[in-house]
Amino acid sequence: MTATIRLLDAAKARTAIPDLCEVLADCVNGGASVGFMQPYTNADAEPYWQGVADAVASGATLLFVAEIDGRPVGTVQVGAAQMPNQPHRGDLKKLLVHRSARGKGLARLLMDTAEREAAAHGKTLLVLDTATGSEAEAIYPRLGWERVGVIPDYAMWPEGGLCATTFFYKRVA
């Protein structure tokens, strides 16, 4: 397996939408609490990815994909547009790896690239949130992220029911 991590411009983001829809739908239907409810289809995901592509075009978002054999199987975003008093901060969003591509180190590759590019774009502090008790929560401390705390009943699991959310931060340079 040869994985490639790429930062997409708006045109490439729009071209990747069908594959990104597949990744998002697979993750939501697999139980990932990333803002959407089950059942979730590729068609449900399309408006979300259109909005992300628009945010890439405006410079508000950096969109990264992990590709195997030229096909996107993972993604992560950095929200780069912040309020005037937070130009140094970025929001890490939607670390997603298709279930068929997990266990290959793609999350680490995506995160390493996102952190490096965020720093290159002037970000020195990144923040993220994830469902408490999820598989994803265990990833971030292994990648050097610091746990800040937990808010109970912050969101819902995609199959229903409230879940707590854990917040993390990482300084990058």
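The following exercises, each with a worked solution, concern a predicted model.

**Exercise 1. The largest nonpolar core**

Determine which residues of the largest nonpolar core touch the most other members, and which elements supply this core.

*Solution.* 
Step 1. The core has 24 residues, and those that touch the most other members are Val 76, Val 78, Leu 92, Met 111, Tyr 140 and Trp 145.
Step 2. At least two residues of this core come from each of the following: strand E2 (61-68), strand E3 (71-79), strand E4 (89-97), helix H3 (106-120) and strand E5 (125-131).
Step 3. Helix H3 gives the largest share, six residues.
Step 4. Another core, of 23 residues, lies apart from this one; among its members are Leu 24, Cys 27, Trp 49 and Ala 53.
Step 5. As general background, nonpolar side chains in soluble globular proteins tend to be buried together.

**Exercise 2. The surroundings of Val 76**

List the residues that Val 76 touches, not counting residues up to four places away in sequence.

*Solution.* 
Step 1. Contacts of Val 76 include Leu 62, Leu 63 and Phe 64.
Step 2. Val 76 also touches Leu 92, Lys 93, Lys 94 and Leu 95.
Step 3. Leu 110, Met 111 and Ala 114 complete the list for Val 76.

**Exercise 3. Lys 170**

Decide whether Lys 170 counts as buried or exposed, and identify the side chain joined to that of Lys 170 by a polar contact.

*Solution.* 
Step 1. Lys 170 is part of strand E7, residues 162-171.
Step 2. The cut-off for a buried residue is under 20% relative accessible area. Lys 170 has 16% relative accessibility and therefore counts as buried.
Step 3. The side chains of Lys 170 and Glu 115 are joined by a polar contact of 2.8 Å.
Step 4. Beyond four places in sequence, Lys 170 touches Glu 115, Thr 124, Leu 125, Leu 126, Leu 143, Gly 144 and Trp 145.

Notes:
Residues numbered from 1 in each chain as written. Predicted model: local features only at pLDDT ≥ 70, side-chain atom pairs only at ≥ 80, totals over all residues. Heavy atoms only, no water. Core = buried A, V, L, I, M, F, W, Y, C linked by side-chain atoms within 4.5 Å. Buried < 20%, exposed > 50% of the residue type's maximum accessible area, 1.4 Å probe, protein only. Helix = DSSP H or I, 4+ residues; strand = E, 2+ residues; numbered from the N terminus. Contact = heavy atoms within 4.5 Å. Polar contact = N/O pair within 3.5 Å; in protein donor to acceptor, adjacent residues only side chain to side chain.
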